[in-house]
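Q: I'm new to this one. Can you walk me through it, pockets to begin with?

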Amino acid sequence: MAVSISFKDIKWIGTGKNELPVIIRKEFEFRKGEKTEITVGCMGTFILTVNGKRISDELFLPLNSDFEKRYDIPYGDILFNEELTHRLYCPRLDMTGMLNDGTNTLCFYLSPGFYEEYDYGTAKISWKIKISDENGNSRVITPDGNEEYSEFYVKEADIIRGETHDYTVNNEKPEKVIVYDAPETEYYLQDCPSDRIIRKLTPRYLGNNIWDAGEVMTGYPVIKSNKAQKITVRYGELLNEDGTLDEMHIYGQHTDYITDDNERLLHPEFTWLCFRYFEVKGDCEVIDCEVIHSDVDVSSEFECSNDT
């Protein structure tokens, strides 16, 4: 049963910039013995860390939805307004066991996600941090509009086409966020399974920089680099007769990594990739392929007499 919540009475913040992943930081105080949970409303996709550690292994939060009402949508020469009911799913996460006595730092890694892919606007986010003490008293922390954002190593991200990472550039100078009114939608607690890394595959090298994951999958390959270079990875579902990627089935999927001399494990952060084969150009090591999908049990099976 969907649980309705409210995000209409608090500030929403963002950058106003297209296809730009950013970090938004928030400090708050916590005392030993208190309990803390955070509920996040996000138009886009986010990763949340506290004191440098990810709060959850859930991926592509929040669940995809139709977000909010849109106005002046072009249909040929006509502009129309949506009159459907819209909803946003808001995950709630327990942070108690990850907090220090004193000052703690939250980092919201905010990316465009399907919100920008569907032309709703630029990504924005809000949150409610509820801190309760042993006597049942509680306080709530929300964005105040004075937060700042900065860029980080993910320089651009498209949720279905790819990303560019640059590990050679330091974080840019922080800039102040833009404050928005609450989106016109219905808000519900996220109450169904999120995406997670479900299993790992060992890809097979076919030659000519081409690797085979063994099956069509959603997720990404993990690559290791320990030198300064540019690594380009492209993804596809089929191969040509000469063993190269079939350009008709790549759909623009790619990741570019500009690395430094540090040893790093590389993979996309905000892109939903679907592929079987992938092409890697660069002096690096392919570790494995991590299969990502909704964390639900398999409840059916399929058999067919036709092996093809």
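A: Definition to begin with: on a 1 Å grid over the protein atoms alone, a pocket is an open set of points where a 1.4 Å probe fits, with protein on both sides within 12 Å along at least five of seven lines, and lining residues have an atom within 4 Å of a point. A volume is the space filled by probe spheres set on the points, which are joined across faces, edges and corners. This is a predicted model, where local features need pLDDT of at least 70 and side-chain atom pairs count only at pLDDT 80 or more, while totals for chains, interfaces and linings use all residues. Residues are numbered from 1 along each chain as its sequence is written, and side-chain values use heavy atoms, without hydrogens and water.

Q: OK, how much space lies in the second largest pocket?
A: About 190 Å³. Its lining has 15 residues, and Phe 60, Pro 62, Leu 63, Asn 64 and Phe 114 are the closest to the centre.

Q: And what volume does the largest pocket have?
A: About 260 Å³. It is also lined by 15 residues, with Arg 54, Leu 59, Tyr 220, His 267 and Glu 269 nearest its centre.

Q: Switching topic: how many salt bridges are there in the whole structure?
A: A search finds 22, counting a side-chain nitrogen of Lys or Arg within 4 Å of a carboxyl oxygen of Asp or Glu. One of them pairs Lys 200 with Glu 290 (3.5 Å, N to O).

Q: Is Glu 290 buried or exposed?
A: Buried, at 10% relative accessible area, whereas Lys 200 is exposed at 53%. Buried means under 20%, exposed over 50%, partly exposed in between (1.4 Å probe, protein chains only).
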